[in-house]
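I opened this model to look up a few strands, helices and single residues. My notes are below the display.

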Amino acid sequence: MNTIGGKTFKNICVSGANALDNAKEEINSLNVFPVPDGDTGINMSLTLSGIATVDNSDNIADVSKQIANSVLRNARGNSGAILALFFRGFSKAFAEAEEATNELLVNAFRRGTDEAYKAVMNPTEGTILTVMRYCAEAAEANAYDGVIAFFDGMLAAAEDALAKTPEMLPVLKQANVVDAGGAGFVTVLKGLCSALHGEPVAKNDTTSGKTNSSADFSEFNTEDIKFGYCTECIVDKSEEFVGEGSAKELYEFIITLGDSAVFIDDESVIKLHVHTNNPGLVLEKALTFGSLATVKIENMKNQHTNLTGEEKKTEEVKVEEPTAPAEPEKPYGFVSVCIGDGIESVFRDLGADSIVKGGQTMNPSTQDIVTAINEVNAENVFILPNNKNIDMVAKQAAEIVNDKNVIVLSTKTVPQGISAMMAFDPEASVEDNTEMMIEAFGAVKTLSVTYAVRDALINNVSITKGQALGLVDGKIRMVSDSSNDCIKRLADYMRNAAYITVFYGEGVPLKKAEKLQKMIERIATEAEVMLVDGGQPLYDYIVSVE
């Protein structure tokens with residue numbers, strides 16, 4: 001095999017995605033730190049989850065572009081974002097190709113690696129980036145005989161790099177594991193190689209023992225279907241709209257008419273899917289961007305009636321007047337990523353326009369943040385990721401949105417996000433506000449307490465599953481048998497504080513939280529100490545120290 005076409009490329013990528021999905025829990029377990037955010041495998045698997053749905057085509061440029069779009073939209077977490085950028089590099093390398101030769105594959109691995117590295121401010125050796133770089137260097141240094149030999153060589157290079165990651169990152173060596181993100185990347189390559197050798201990986205069957213079963217729709221009422229028509233079409237773009245990303249207006253229009261929107265804005269083609277009560281309006285708007293190549297409209301109420309075996313009824317679908325896309329009406333808006341009813345309320349009280357639910361173990365996708373940005377009725381939108389594992393995804397979302405000025409403030413914790421919003425001045429310029437908010441959140445110290453999800457050895461400290469872990473700005477600094485004791489033993493970080501806010505989590509009794517508040521008041525005698533019911537999961541306490 002001297003070349004690889006679009007269909008083959010899609011098939012081997014599906015195999016890689018399936019291999020990753022099958023191994024996601026194993027990859028999760030490689031996360032070094034025992035805090036409950038060990039979801040690298042899940043994040044990477046969700047990132048690749050849409051590959052199987054891209055169109056079949058013999059043209060590798062078309063397929064790789066669709067895959068890149070799908071992966072970018074579904075990217076979750078840092079490893080998922082890096083993986084998405086790697087696939088974007090492939091798409092750029094294949095942009096003019098019908099098929100890929102080994103020479104193009106070498107370029108694809110290099111461009112994919114470069115795209116990933118560019119997005120990371122301070123790349124760390126011993127991570128998924130290192131594994132990608134070893135592959136790119138091996139591709140450039142060797143002359144492989146055919147496509148299969150090439151990918152076998154990439155797998156060998158990746159496995160070699162992965163085995164070396166503990167020597168590059170001492171924390172991996174101490175924990176006796178390899179890098180989780182790198183392991184995920186190797187798993188994807190294994191799936192690719194298996195497919196090229198005629199043994200594609202299938203997803204593990206999660207319904208073993210259940211045969212000839214079907215979904216039960218009997219408890220679902222037909223009237224619960226809010227949008228009655230599944231509407232799909234492909235538009236061949238007119239000359240004035242040729243180019244990637246030129247049909248954003250159409251996407252913003254259709255999402256006001258229904259839900260379940262899927263939108264692919266390719267160089268010369270638009271493919272859209274939406275559930276709506278106004279299919280005519282969807283098609284009418286689509287026609288302003290070119291000609292309709294295919295159209296499919298299905299009545300979902302009739303489909304449901306057939307599935308439930310009910311007598312088919314003739315009924316009129318209530319048509320709702322579409323809401324026109326909102327034009328920017330105010331100069332500033334905020335999107336905050338957080339979780340916990342109390343914490344969400346604080347951000348809303350400070351002026352957050354849109355809340356994306358997320359945090360540890362719950363990383364939102366790029367598309368989740370794009371949707372939130374589009375909901376904000378403002379010319380300038382500040383994003384507060386409030387988690388280091390969401391920062392890259394937020395930055396990718398900012399690149400996708402081109403009709404608003406989107407600024408990502410790289411807040412790594414909830415207290416940093418709150419401090420940034422408190423420093424905001426509606427009368428100041430974008431530049432001045434950005435500077436003031438960065439300075440404000442940089443002065444905040446964040447203490448937090450969670451529980452170890454497994455046994456571990458970190459910096460020569462033995463940790464037992466279930467113990468309380470005291471973190472300072474995300475790094476483990478204390479281990480104890482109780483969460484209150486953890487905070488007490490972090491007293492040195494609070495003694496000179498002026499303001500301390502304690503967000504207590506779900507499941508923490510008020511009396512226990514009040515006891516902690518009094519203890520902190522005895523430690524930080526000059527500080528104003530506030531207690532807030534944050535409602536956050538996993539973390540008993542998140543403490544803001546200013």
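Entry 1, ground rules. I am working with a predicted model, where local features need pLDDT of at least 70, side-chain atom pairs count only at pLDDT 80 or more, and totals for chains, interfaces and linings use all residues. Residues are numbered from 1 along each chain as its sequence is written, and side-chain values use heavy atoms, with hydrogens and water left out.

Entry 2, the open sheet. I looked up the strand order and found six strands in an open sheet, E15-E14-E11-E18-E16-E17, with mixed pairing. Strands here are DSSP runs of E with at least two residues, helices are runs of H or I with at least four, and both are numbered from the N terminus. Two strands count as paired if DSSP finds at least two bridges between them. The edges are strand E15 (475-480) and strand E17 (528-533), each of which pairs on one side only. I noted that strands of a sheet pair through backbone hydrogen bonds, either parallel or antiparallel. Inside this sheet, E11 (residues 445-451) and E18 (residues 541-545) are antiparallel, with five bridges. Lysine 445 has valine 545 of E18 opposite.

Strand E9 (residues 378-384) and strand E10 (residues 405-408) run parallel and are joined by four bridges. I checked valine 381, and its bridge partner in E10 is valine 406. With helix H16 (residues 391-400), E9 and E10 make a right-handed β-α-β unit. Right-handed means that, with the strands pointing away from the viewer, the path from the first strand over the helix to the second runs clockwise.

I asked how many of the ten residues of H15 (residues 366-375) are buried. Seven are, and the helix is mostly covered. Buried means under 20% relative accessible area, exposed over 50%, and partly exposed in between, with a 1.4 Å probe and protein chains only. Among the buried residues are Ile369, Val370 and Ile373, and also Gln367 and Asn374.

I list glutamate 115 as buried because its relative accessible area is 7%. Beyond neighbours within four places in sequence, glutamate 115 is in contact (heavy atoms within 4.5 Å) with Leu85, Arg88, Gly89 and Lys92.

I found alanine 491 in the loop between helix H19 (483-488) and strand E16 (499-504). Its relative accessibility is 7%, so alanine 491 counts as buried. Alanine 524 is 33 residues away along the chain, and the two C-alpha atoms are separated by 8.1 Å.
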